[in-house]
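Let's take a friendly walk through this protein model, one feature at a time.

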Amino acid sequence: MYLNPQALICLPLLLSTAIAFPQQTGTVTAYKAPAMITPAARLRCSGGQIEIYTTDCTRGTPVSYCSKPEPPVKCPQGFFPSAWHPDHCMQRSTCFPLDAAWITTECSNGALAYDTSTLYEGTLAGGRSTVISTVSCSCAEDQWYSMTLLEDSATYDIFCMPSSYCPPGMTTSVSFNDYCVTAPASICSDVSMETNLCQCAYAGQTPVYPEYPGAVPTGF
């Protein structure tokens, strides 16, 4: 068989070109384009409503809606204007009494104040200029929170109780961490299974505190 010399020269080139292509395998890698957020069409509000562009208070996603501004709330004498939350992510203006039970002006039951926030600052009905503040209270690091439902009360009161060196009228007790008994060891690795604490010596007693912040209670 006669071979063209030019064909012999090209043969190695063809072979080298052929082995330059990788073999196809059974795995195919697909690259997905990044997700794009398409902005919503601009709102068209009417009837005195204004456009509100904000973010969802939980997820942080953009939201927009039409809303009519609330008229400034006018409170009668003995009340101050503030806001309440009737539902998730909702806020409405309202009036609260100056002596509302949830306004904490000083800490009690052995607690210490760690923060103060202003609820209202301005002029009330009758021309009275005032500042209404509330304090946030917490027990000391070496104390524990005792939640007690008092007689004729619908809410629990929190008492700051010592964890050691029990004062007169109290006895030493031990609290067991029931959760960590069955929880994975990784969750409770730094949590003690038992905690010493002081409690009133007799059932039905509540601790009594001297009249100063952070006072250690007695069981009398």
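## A nonpolar patch on the surface

In this predicted model, five residues form a nonpolar patch on the surface: Tyr 145, Met 147, Leu 149, Tyr 156 and Ile 158. Together they have about 550 Å² of accessible area. The elements that give two or more residues to this patch are β7 and β8, where β8 covers residues 156-162. Strand β7 gives the most, with three residues, and Tyr 156 has its place in strand β8.

Strand β7 runs over residues 143-149, and Gln 143 is found in it. Is Gln 143 buried or exposed? Gln 143 counts as buried because its relative accessibility is 11%, and the cut-off for buried is under 20%. Leaving aside neighbours within four places in sequence, Gln 143 is in contact with Gly 110, Cys 160, Met 161, Pro 162 and Ser 163.

## The largest nonpolar core

Now look inside. In soluble globular proteins, nonpolar side chains tend to be buried together. Which residues make up the largest nonpolar core here? There are seven: Phe 80, Phe 96, Ala 100, Ile 103, Tyr 120, Leu 124 and Ile 132.

A pair of aromatic rings is described by the distance of the centres and the angle of the planes. How many aromatic pairs does the model have? The count comes to four. One of them joins Phe 96 and Trp 102 in an edge-to-face pair, at 5.1 Å centre to centre and with 80° between the planes. Phe 96 counts as buried because its relative accessibility is 18%, while Trp 102 is partly exposed, with a relative accessible area of 43%.

Another pair, Phe 159 and Tyr 209, is stacked: 6.4 Å centre to centre, with 5° between the planes. Phe 159 lies in strand β8 and Tyr 209 in the segment after β10 (194-200), so this pair ties together parts that are 50 residues apart in sequence. Phe 159 counts as buried at 5% relative accessibility, and Tyr 209 counts as buried at 14%. Ring pairs also link Phe 80, Phe 96, Trp 102 and Tyr 120 into a cluster.

## Two residues with positive phi

Asn 109 is not a glycine, yet it has a positive phi of about 55°. You will find Asn 109 in the loop between β4 (92-97) and β5 (112-123).

Tyr 165 is not a glycine either, and its phi is positive at about 50°. Where is Tyr 165 found? Its place is in the loop between β8 and β9 (170-176). Tyr 165 counts as exposed because its relative accessibility is 80%, and the cut-off for exposed is over 50%.

## The whole chain

Finally, zoom out. The secondary structure of the chain comes to two helices and ten strands. Read along the sequence, the pattern is α-β-β-β-β-β-β-β-β-β-α-β.

The chain has 220 residues, and buried residues make up 16% of them. Among contacts between residues at least 6 apart in sequence, 36% join residues at least 24 apart. The chain exposes about 17400 Å², and carbon and sulfur atoms supply 57% of that area.

Methods. Residues numbered from 1 in each chain as written. Predicted model: local features only at pLDDT ≥ 70, side-chain atom pairs only at ≥ 80, totals over all residues. Heavy atoms only, no water. Helix = DSSP H or I, 4+ residues; strand = E, 2+ residues; numbered from the N terminus. Buried < 20%, exposed > 50% of the residue type's maximum accessible area, 1.4 Å probe, protein only. Contact = heavy atoms within 4.5 Å. Patch = residues over 30% accessible without salt bridge, like charges linked within 9 Å, V, L, I, M, F, W, Y side chains within 5 Å. Areas by Shrake-Rupley, 256 points an atom, 1.4 Å probe, with all protein chains shown as cover. Salt bridge = Lys/Arg side-chain N within 4 Å of Asp/Glu carboxyl O. Core = buried A, V, L, I, M, F, W, Y, C linked by side-chain atoms within 4.5 Å. Phe/Tyr/Trp six-rings, centres within 6.5 Å; stacked < 30°, edge-to-face > 60°.
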